[in-house]
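Hi,

Here is the structure I promised to pass on. My notes follow below it.

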Amino acid sequence: MSQKEIEQLFNQLDASVQLLQKELDVSYLEALSETGENILVNKIPNQIDGFPSDEIVGKLTQLYKEVSIDNMESEDIRKAIQLALLKASKTDALQPNHQMTPDAIGFILNYLIEKLISGKLEKIRLLDPAVGMGNLLSTVYNGLVSKNILVEAEGIDNDDLLLTLASVSTTMQRQKVTLTHQDALQDLLMDPVDVVVSDLPVGYYPLDEKVSKYKTAAKEGHSYAHHLFIEQSLHYLKDGGFGIFLVPAQLFETDETPGLMKMIQEESFLQGMLNLPNELFKTKNSRKSILLIQKKGNNAKQAKQVLLAQIPDFKNQKAMLQFMQEVDSWKKENI
């Protein structure tokens, strides 16, 4: 990894974003989306009705000429884009469901995927039904590719700005990712996947009639979106495939828990619940855990002992190594 290259690309993105922000009076994310698309389309600024001005177009053209990603590693490109997305989070004051999933969590999910898939893993199909800006999916993708695994991935989101940013990011990284702009809780046109991995949006789904047939739909009022996403994900997993989700730590402590548990038990095996380090979250209510479920079929079976663990502080290398050894032992004994 070249820190110098990462910083250089970020600085080029940031400089062009600031020019566009001021000229077009748009958010940091919107300007980042615009400049990313400009870079990918022959490094030519998009000018409509005289905006941006000829002067700014000249400055952007010069900045874009200096951008060189052809020889950069995909992970370095992702990290540079991530720095821009982090700045956007602060500049635009993004809502929690639009915040980026921290790298450390992405690396843990990547580790779990490698451990859970049985046999020699040569090829894998991934789905993130709430892909957002794509950082989590890209992190997992690059981690698997670094182990010489052929990856195909699909991402879905109903926010066109976030999806455009995901497209810019994955295209710059030369990743084989299919992105679809739609409500992921409606019927999807896609082949089944080996793993669904997602930082699920938390909150209520507003369109009650559209999810009335879901097993996790609330009997009265709006349903929990994250419950619906878990159920929908199982529909698009191969038999024996895994769902690995970031969920609220209090997932099984609400009035809707019985319906969620009933659906999980009917469709899959609950294989694990891992609590993330408390240090990652500002408040108790914002804490998250990793839910591991496995779709029934293809010789999948319920683990003798569900994997329940507290993931240690990521900075504590000794404790992290011990945690990984515990997961390895659990896999050998249970899956």
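Start with aspartate 49: its relative accessibility is 75%, so it counts as exposed, the cut-off being over 50%. Keep in mind that this is a predicted model. Aspartate 49 lies in the loop between helix 2 and helix 3. Its phi is positive, about 50°, although it is not a glycine. Most residues other than glycine have a negative phi, and most peptide bonds are trans.

That loop holds another item for your list. Proline 52 also sits between helix 2 (28-40) and helix 3 (54-66). The peptide bond that joins phenylalanine 51 to proline 52 is cis, with omega about -10°.

Now aspartate 25. You will find it in the loop between helix 1 (3-24) and helix 2. Aspartate 25 has 69% relative accessibility, so it counts as exposed.

Next, the strands. Is strand 7 (residues 237-248) mostly covered or mostly open? Mostly covered: ten of its twelve residues are buried.

Strand 7 has these pairings:

- Strand 4 (residues 193-199) runs parallel to strand 7, and six bridges join the two. Valine 196 has glycine 243, in strand 7, as its bridge partner.
- Strand 9 (residues 288-295) runs antiparallel to strand 7, with seven bridges between them. Isoleucine 244 has leucine 292, in strand 9, as its bridge partner.

When you open the file, look at strand 7 together with strand 4 and strand 9. Then go to the loop that holds aspartate 49 and proline 52.

Best wishes

Terms used
Residues numbered from 1 in each chain as written. Predicted model: local features only at pLDDT ≥ 70, side-chain atom pairs only at ≥ 80, totals over all residues. Heavy atoms only, no water. Buried < 20%, exposed > 50% of the residue type's maximum accessible area, 1.4 Å probe, protein only. Helix = DSSP H or I, 4+ residues; strand = E, 2+ residues; numbered from the N terminus. Pairing = 2+ DSSP bridges.
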